[in-house]
Structures are given as C-alpha cells and as structure tokens.
Amino acid sequence: MADIGFIGLGIMGKPMSRNLLKAGYSLVVYDIFPGPVAELVDAGAAHGASCAAVASQAEIVITMLPDGPEVETAILGAGGVLEGARPGTVVVDMSSISPTVSQKVGAACEAKGVDFIDAPVSGGEPKAIDGTLAIMAGGKPEVFARVEPVLQKMGSSVTLTGAVGAGNVTKLANQIMVACNIAAMGEALVLATKAGLDPEVVFNAVKGGLAGSTVLNAKAPMVISRNFKPGFRINLHEKDLRNALQAAEAMKVSLPFTSMAQQILIALMNDGKGNLDHSAIVTFIEQMAGVEVKKPQA
Ligand code: NAD
C-alpha cells in the first residue's frame, strides 16, 4: 500500500507529485503517457498499471487531468478509480473542471462509500514546483480535514470554500479574473508601445500602483521578452471560460467580459496558438493595432 495515488503527471501533476515524494509520502502513479511515469518512478514512486490499480493501492487518490471528460473516464470509466477504490478511500480531484461534473463524480463516489473532494489550484507551473499553489477545495469538512495535511505539501494556501463543486466555482471565478487581467494588460501595453514608449519602463512605472497585480508581474515580462512557452495553455484557459459561461448561463448570470475573453481565446486557437501560454492573448490585440509589444530597438 502507498500513502497516495497520483493520476495525471502533466505540467502540474508532475511537480505536485514530486513535492509529495519530497515530503516523505509513498506514491503510486499513473498517466496514459509512459514518459512522466518513468520520471516519477526514477524519483521513488511505484507504477500503477491503471487508474483502478492505483486506487487499489492507496488510501488517498489525487487526479490532475485536463478537463471533465478525462476526469469522468479516469474515475468513473472502465478500469477507473472506482473499480479499485475501497470504501473509506478519499478521491481528491485537483483538475479544473465544471462544478456540475465535480458534483456528478462526487455523487458516484459517495454511492460506493468513497469520499470526494474537488480541489483545483491556481499558481501555474512555477508555484506547482515551489509547492506554493493556492488550493480551493469543496467537500465535507471532516473529509477535507483528512486530506488537508497532504494538500499543504503542494500549496501555501489551502481553503475549504463549501460543499463538493465549490472548489471549482471558486476556480472559475479565479480564471475569469486572470483572463480579463491579461486582456487588459495586453491592451495597455499595446497602447503604450504604439505611442513609442518602452513597455518595460511602463510596466515598472505602474506595477507598484493600483494596476499592479500578480498577473502583471508574471505575464508582462513574458510578453516583453516574447516568451510564450506554457505555463498555462490557451486551450486550457478557453476550457475554463467555457465552463464558467455554461455555469453562468444555467444561473442566468451575464458575464460580458468573460464572453469576450473566450472569443479571443477561440480566435487564437484557430490561429494555431492553442498550446502557447495564455499571455499570448496579447498577440490578438497586437494584430488589431499592427504593433508588437517589445523593447524598442537601440
Ligand atoms: P497537462 O495536459 O499538462 O497534463 C494532463 C495530464 O493528464 C497529461 O500528462 C495526460 O497524459 C494525463 N491524462 C489525460 N487523460 C488521462 C487519463 N484518462 N488517465 C490518466 N492520465 C491522463 O495539463 P496541466 O497543465 O498539468 O493541467 C492539469 C489541470 O490543472 C487542468 O485542469 C488545468 O486547467 C489545471 N491547471 C493548470 C495550470 C497550469 O498552469 N498548467 C494551472 C492551474 C490549473
């Protein structure tokens, strides 16, 4: 038996699982791609042959997958977590998915006596590596208490926000703020560059004032240096805004800025940029202005 099963070893899951190993937990891991599994096995984890095999060997099972369909396949599907998990196991889904899917998966777990927490994260790859993610959880307080010490090894802020699904509602709120912030930053830097200013000087001038933000500090230097290596991919952010807009529509909530940001992300995906970092939102605004945000030539 391992302390923790970890399924999904991508940009986020790989460093998160490494931090659990470093903290002294024993891990059994699985991904549909063998490459990252081999890296974790080299670092000391055991290899589970399937999601069910991972669940049969661990008391806590963490999933870190792209979106709802992958989470449903990995947990509810054939050879999935629920085929291997025993009653009393806790499944912690840390993927960013629709709150409705979290509730569906949570109910299926509960029917088998398995506890479920949704616990999506914010902070991206750098904070996944540092173990300083912001983790926003949904579930029963007594279940959350069982997994909180584990979550604290991956994040510097771990908050129970409500019942199952509440973690992903909070994450959608987070993603709306991040997308609209990047778009506003893009418009601001495009304007300043077109006016002949050095965008780095503008960034340094405003970052200590009210416009300063974690988004600005993380993304403006990437834009100015033309480094759009993900980080957080445009196609994943489009997925989050789609989930936000679907949830909003179900509640008859109007989200005009989110809707516009999603349209920009779709256009960028059609332009072959879906796998770039979401800071590349700025390239859409640049095209409309006929200018590129970068330091002026000396
Ligand atoms: P990723 O695409 O890099 O990793 C996903 C991993 O899941 C891949 O290794 C893939 O092979 C694996 N996978 C897919 N289906 C599977 C299945 N059925 N069984 C087992 N493994 C399977 O994505 P990521 O960037 O690590 O993001 C994961 C989640 O975290 C997403 O929901 C994303 O929105 C969220 N997130 C990402 C970031 C970021 O900056 N990358 C930040 C916060 C939240």
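Domain bounds here come from an automatic or database domain assignment. The structure is a predicted model, in which local features need pLDDT of at least 70 and side-chain atom pairs count only at pLDDT 80 or more, while totals for chains, interfaces and linings use all residues. Residues are numbered from 1 along each chain as its sequence is written, and side-chain values use heavy atoms, without hydrogens and water.

The chain is assigned domain 1 (2-163) and domain 2 (169-289). Their centres, taken over C-alpha atoms, are 28 Å apart. Contacts (heavy atoms within 4.5 Å) link 13 residues of domain 1 with 13 residues of domain 2. The two domains bury about 1,100 Å² between them, 58% of it on carbon and sulfur atoms. Buried area is the accessible area (1.4 Å probe) lost by two parts on being put together, summed over both. On the domain 1 side, Ile11, Pro99 and Met136 lose the most area to domain 2, together 37% of what that side buries.

Each domain gives at least three residues to the shell around the ligand. Among the 25 residues around the ligand, Ile11, Met12, Asp31, Pro66 and Lys239 come nearest; a residue counts as near if one of its heavy atoms lies within 4 Å. By class, the shell has 13 nonpolar, six polar and six charged residues. Gly counts as polar.

Ligand oxygen atoms lie 2.9 Å from a backbone N or O atom of Ile11 and 2.9 Å from a polar side-chain atom of Lys239. For a polar backbone atom of Gly10, the distance to a ligand oxygen is 3.5 Å. Taken alone, the ligand exposes 840 Å², and the protein buries 90% of that (Shrake-Rupley method, 1.4 Å probe).

Technical notes. A polar contact is a pair of N or O atoms within 3.5 Å; within protein, one must be able to donate a hydrogen and the other to accept it, and residues adjacent in sequence count only if both atoms are side-chain atoms.
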